Amino acid sequence: MGVIGWIVLGLLAGAAAKLLLPGRDPGGFIGTTVIGIAGAFIGGWLSARYLDRPIVNDFYDGATWAAAIGGSLVLLIAYRILFGHSRR
């Protein structure tokens, strides 16, 4: 799976993370999308590095999706904690 595949996966993982963690995001749609893409890359790297579960080059692999959505959730929570109160 190339960079374009990871970007598409990140977009979808960001949307899934947003569905699992509803509420206002400080960055809006664009911020959530960027967080999803970064979460997909970070989740894939962490999965391969520390969980000894290398990411398969298959777009439809469940572990790839779990890593991408998990990474997106972690980044979305961290982003809300750090920047969530700036609009009040």
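This is a predicted model: local features need pLDDT of at least 70, side-chain atom pairs count only at pLDDT 80 or more; totals for chains, interfaces and linings use all residues.
Student: How many aromatic pairs does the count come to?
Tutor: Residues are numbered from 1 along each chain as its sequence is written, and side-chain values use heavy atoms, with hydrogens and water left out. Rings of Phe, Tyr and Trp (its six-membered ring) pair if their centres lie within 6.5 Å; planes under 30 degrees apart count as stacked, over 60 as edge-to-face and the rest as tilted. By this rule, the number of aromatic pairs is one.

Student: Which geometry do the rings of tryptophan 45 and tyrosine 50 have?
Tutor: The two ring centres are 5.8 Å apart. Their planes stand at 90 degrees, so the pair of tryptophan 45 and tyrosine 50 is edge-to-face.

Student: Is tyrosine 50 buried or exposed?
Tutor: Buried means under 20% relative accessible area, exposed over 50%, and partly exposed in between (1.4 Å probe, protein chains only). Tyrosine 50 has a relative accessible area of 57%, so this residue is exposed.

Student: Which elements make up the protein, and in what order do they run?
Tutor: Helices (H or I, at least four residues) and strands (E, at least two) are DSSP runs, numbered from the N terminus. The protein has three helices and zero strands. Read from the N terminus on, the order is α-α-α.

Student: Which helix has the highest confidence?
Tutor: The protein averages a pLDDT of 78, and 83% of the residues score at least 70. Confidence is lowest in helix H2 (residues 28–50), with a mean of 80. The highest mean is 84, in helix H3.

Student: Why do the buried residues of H1 lie on the same side of that helix?
Tutor: The buried residues of H1 are Gly5, Trp6, Leu9, Gly10, Ala13, Gly14, Ala16 and Ala17. They lie on the same side of H1 because the arc they cover around the axis, taken from the directions to the C-beta atoms, is only 165 degrees.

Student: Which exposed residues sit on the face of H1 turned away from its buried side?
Tutor: H2 and H3 are among what covers the buried residues of H1. The face turned away from that buried side carries the exposed residues Ile4 and Leu19.

Student: How far does H1 reach from its first C-alpha to its last?
Tutor: Helix H1 covers residues 3–20, which is 18 residues.

Student: How far apart are the end C-alpha atoms of H2?
Tutor: H2 has 23 residues and should span 33 Å at 1.5 Å a residue. The model agrees, with the end C-alpha atoms of H2 apart by 31 Å.

Student: Which helices cover the buried residues of H2?
Tutor: The buried residues of H2 are Gly31, Thr32, Thr33, Ile35, Gly36, Gly39, Ala40, Gly43, Gly44 and Ser47. What covers them includes H1 and H3.

Student: Against which helices do the buried residues of H3 pack?
Tutor: H3 has 22 residues and reaches 31 Å, close to the expected 32 Å. Its buried residues are Thr64, Ala67, Ala68, Ile69, Gly71, Ser72, Leu76 and Arg80. These pack against H1 and H2.

Student: Which residues does serine 72 touch, not counting those up to four places away in sequence?
Tutor: Serine 72 lies in helix H3 and is buried, with a relative accessible area of 1%. Contact means heavy atoms within 4.5 Å. With residues up to four places away left out, serine 72 touches Ala13, Gly14, Ala17, Ile35, Gly36, Gly39 and Ala40.

Student: What is the C-alpha separation of leucine 9 and phenylalanine 41?
Tutor: Leucine 9 is found in helix H1 and is buried, with a relative accessible area of 0%. Leucine 9 and phenylalanine 41 are 32 residues apart along the chain, and their C-alpha atoms are separated by 9.4 Å.

Definitions and conventions. pLDDT is the predictor's confidence in each residue, from 0 to 100. The expected span of a helix is 1.5 Å times one less than its number of residues.
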